[in-house]
Amino acid sequence: MAARIFQLCLCILFISLAFPLSSHAIPSKPNAEKPSSFDFIKHLEGCHKGETVEGLQQLKKYLEKFGYLNYNHSQNQSHANDDNFDDLLEAAVKTYQLNYHLKATGTLDAQTVSKMSSPRCGVADIVNGTNWMRAGKKRPNHGRNALHTVSHYSFFQGNPKWPASQTHLTYGFRPGTTASAKSAVARAFDKWASATQFTFSQSQDFGSANLKIGFHRRDHGDGFPFDGPGGTLAHAWAPTNGRFHYDADEVWSAGPRPGAFELETVALHEIGHLLGLGHSSVPDAIMYATIDQGVAKGLHGDDIQGIKALYNV
């Protein structure tokens, strides 16, 4: 018996020497995606009113950031910083679902979680309680058999816009901006110029330009910090502020490329904000709030109709 045990031990020793175990036996993916700041939402799928689930407090902050939730004037103020799925959170989820043409259940179903966790623009969908995304503005077409189509563009509160006398705007880049990024943004300005009464030209003086474009990281002093890879990609201000910031922590590309966000597409969206457009609920519109990696988009009829309606042209 002892001899057999000895032989077995020798066999195990031989195998371990011949085929050593290694912590590198399964290599990690060299191009593994970095986690997004919105990934926490994926763990909340299936949550509904009445539950207490870790991560719901973060969701409340997310919905507050984009204008859907405000506990300041609510009797439920005590729930602003907890993980309770209360009535106010359910109402906010329903409003979000309506804005993005999802079934308004108030529950964090798979489609809602997928949309909420998508990379997006940092500009709020709802400002000071005013929700224009699903206003459904009727646009008459003249003619005997013409159909009445519905637009879903939106404006900022108060409809801020550039003065009628200021149809030429200059834009400048923060020092250090790459040539490829400048070219992509210039192409975006050209596309807006072809669809509007505006003309644009690049200024070499960043400080005096009407529109100021740059790449920034995390807290960069404007009150709207970026959040690292994924999450918020860029943000811009309504007229006549003129600021447009990209998140420098994202992977950017000039032209659509897997694993990167397309510079020109995001510029088209943010320039829409600079001119006075809010977010659209039309998925194909450039003013739709979310965009995926590797995707390029152009101006949509809803975007063009919106800018013409804002400036009455």
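Reader: Which residue lies over the face of W237, and at what distance from the ring centre?

Author: A charge counts as sitting over a ring when NZ of Lys or CZ of Arg is within 6 Å of the ring centre and within 35 degrees of the ring normal. Here R243 takes that place over W237, at 4.1 Å from the ring centre. R120 lies over a ring face too, that of F66, and its distance from the ring centre is 3.7 Å. One word on the basis: this is a predicted model, in which local features need pLDDT of at least 70 and side-chain atom pairs pLDDT 80 or more, while totals for chains, interfaces and linings use all residues. Residues are numbered from 1 along each chain as its sequence is written, and side-chain values use heavy atoms, without hydrogens or water.

Reader: Staying with rings, how many aromatic pairs does the structure hold?

Author: There are 18 aromatic pairs in the structure. F244 and Y246 make a tilted pair, because their ring centres are 4.8 Å apart and their planes meet at 45°. (Rings of Phe, Tyr and Trp, the latter by its six-membered ring, pair with centres within 6.5 Å; planes under 30 degrees apart are stacked, over 60 edge-to-face, the rest tilted.)

Reader: Are F244 and Y246 buried or exposed?

Author: Both F244 and Y246 are buried; the cut-offs are under 20% relative accessible area for buried, over 50% for exposed and in between for partly exposed (1.4 Å probe, protein chains only). Elsewhere, ring pairs join Y171, F173, F189, F198, F200 and Y311 in a cluster.

Reader: On to charges: how many salt bridges does a search of the whole structure find?

Author: The search finds nine salt bridges, each a side-chain nitrogen of Lys or Arg within 4 Å of a carboxyl oxygen of Asp or Glu. One of them joins K191 to E264, with the closest N and O atoms 2.6 Å apart. This pair links distant parts of the chain, as K191 is in helix 5 (residues 179–195) and E264 in helix 6, 73 residues apart. Helices are DSSP runs of H or I with at least four residues, strands runs of E with at least two, numbered from the N terminus. E264 counts as buried because its relative accessibility is 10%, whereas K191, at 35%, counts as partly exposed.

Reader: Which residue forms a salt bridge with R218?

Author: D249 is the partner of R218, with 3.8 Å between the closest N and O atoms. R218 sits in the loop between strand 7 (211–216) and strand 8 (234–236), and D249 in the loop between strand 9 (243–247) and strand 10 (252–253), so the bridge ties together parts 31 residues apart in sequence. R218 is partly exposed at 45% relative accessibility, and D249 is partly exposed at 21%.

Reader: Finally, what lines the largest cavity?

Author: A cavity is a set of points on a 1 Å grid over the protein atoms alone where a 1.4 Å probe fits but cannot get out, and its lining residues have an atom within 4 Å of a point. In this structure the largest cavity has 14 lining residues, with V266, H269, Y288, A289 and I291 nearest its centre. Helix 6 (residues 263–275) supplies the largest share of that lining, four residues.

Conventions
1 Å grid on protein atoms, 1.4 Å probe; cavity = no way out; pocket = protein on both sides within 12 Å on 5 of 7 lines; lining within 4 Å.
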